[in-house]
Amino acid sequence: MDWFKKAKSGLTGKEKKEIPDGLWSKCPECGEIIYTKQLEESLWVCPNCEYHFRIPSHKYIRMILDNGELQEYDVDLESKDPLRFKDSKKYPDRIKAAQAKSGLKDAVKAGIGKIDSIDVSFAIMEFSFVGGSMGSVVGEKIARAIERAIEREIPLILVSCSGGARMQEGILSLMQMAKTSALLAVLAGKKIPFISVLTNPTTAGVMASYASLGDVIIAEPKALLGFAGPRVIQQTIGQDLPEGFQSSEFFLEKGFLDKIVNRSQLRETLILLLKYFQR
Ligand SMILES: [Zn+2]
């Protein structure tokens, strides 16, 4: 009775435009309509089902760092167009549009901040900028954040939110995986702690490099984590995937993750970990 199913999904389907922006927001997980002000107070976590809405990097900075302050570095680094790449848009046009929309030059902010008065080298990815993709600018800024942690002998905290490498920069994007991973090995050699925070989503080239190399790796609940998309994997191995595959919960169960942390506990958890490492 297919038509019954269709009618039902038509009623409960993802009609995102029904609610005007601003006053009310709809939880994509449970469908609850929530007063946006209330959501803002609950750090954009659904009070009904604990779904973690994706939030922009500046909100994390405000939430995690002392006084919400990040002393940013390398603010003006910008992508070139080495491959003269064009898909539905020319790459430079895509970058310009993302810059105009976000007010950022690329998909990561990096600098020095304090967490409970402890200096940290901190970087956070911005998903709204070309899907938080890692091109040469993101890779370079992450690399410099690692170098700052090494030079100043302070902990490194990276908050990831990314669809992976930036295809418009081809092999130059993939090189960032090697570059950042090699520097993290130097950091590890100096016994400087690195805490990796995974948010929804952290996938592909980012997951396969720095995001999964933390001394401690924590993730927000129900975040999409993984390398290739589930459909690609399913087609490649020709098998059905287990339930909950590529979620934070699945990763925790399989030992890829140390802890799942609710957003409201994120700052406190980081403080606890930093104090532990200080001993
Ligand atoms: Zn919900």
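Student: What is the volume of the second largest pocket?
Tutor: The second largest pocket of this predicted model has a volume of about 200 Å³. On a 1 Å grid over the protein atoms alone, a pocket is an open set of points with protein on both sides within 12 Å along at least five of seven lines. A volume is the space filled by probe spheres set on the points, which are joined across faces, edges and corners.

Student: Which residues line the second largest pocket?
Tutor: The lining includes Met 207, Phe 227, Phe 245, Gln 246 and Lys 254; lining residues have an atom within 4 Å of a point. By class there are seven nonpolar, three polar and one charged residues. Ala, Val, Leu, Ile, Met, Phe, Trp, Tyr, Cys and Pro count as nonpolar, Asp, Glu, Lys and Arg as charged, and the others, Gly among them, as polar.

Student: How many cavities of 30 Å³ or more does a search of the whole structure find?
Tutor: The search finds two. A cavity is a set of grid points where a 1.4 Å probe fits but cannot get out. The largest cavity has a volume of about 90 Å³, and its lining has 16 residues, with Arg 54, Ile 55, Tyr 60, Cys 161 and Thr 199 nearest its centre.

Student: What lines the second largest cavity?
Tutor: Its lining consists of Tyr 51, His 52, Asn 200, Glu 220, Pro 221, Lys 222 and Ala 223. The space in this cavity is about 30 Å³.

Student: Turning to helix H5, how many residues does it have?
Tutor: Helix H5 (residues 136-152) has 17 residues; helices are DSSP runs (H or I, at least four residues), numbered from the N terminus. Glu 153 follows H5 and has a positive phi, near 55 degrees.

Student: What is Arg 148 in contact with, leaving aside neighbours within four places in sequence?
Tutor: Its contacts (heavy atoms within 4.5 Å) include Tyr 73, Asp 74, Ser 121 and Glu 153.

Note on methods. Residues numbered from 1 in each chain as written. Predicted model: local features only at pLDDT ≥ 70, side-chain atom pairs only at ≥ 80, totals over all residues. Heavy atoms only, no water. Helix = DSSP H or I, 4+ residues; strand = E, 2+ residues; numbered from the N terminus. Expected span 1.5 Å × (residues − 1).
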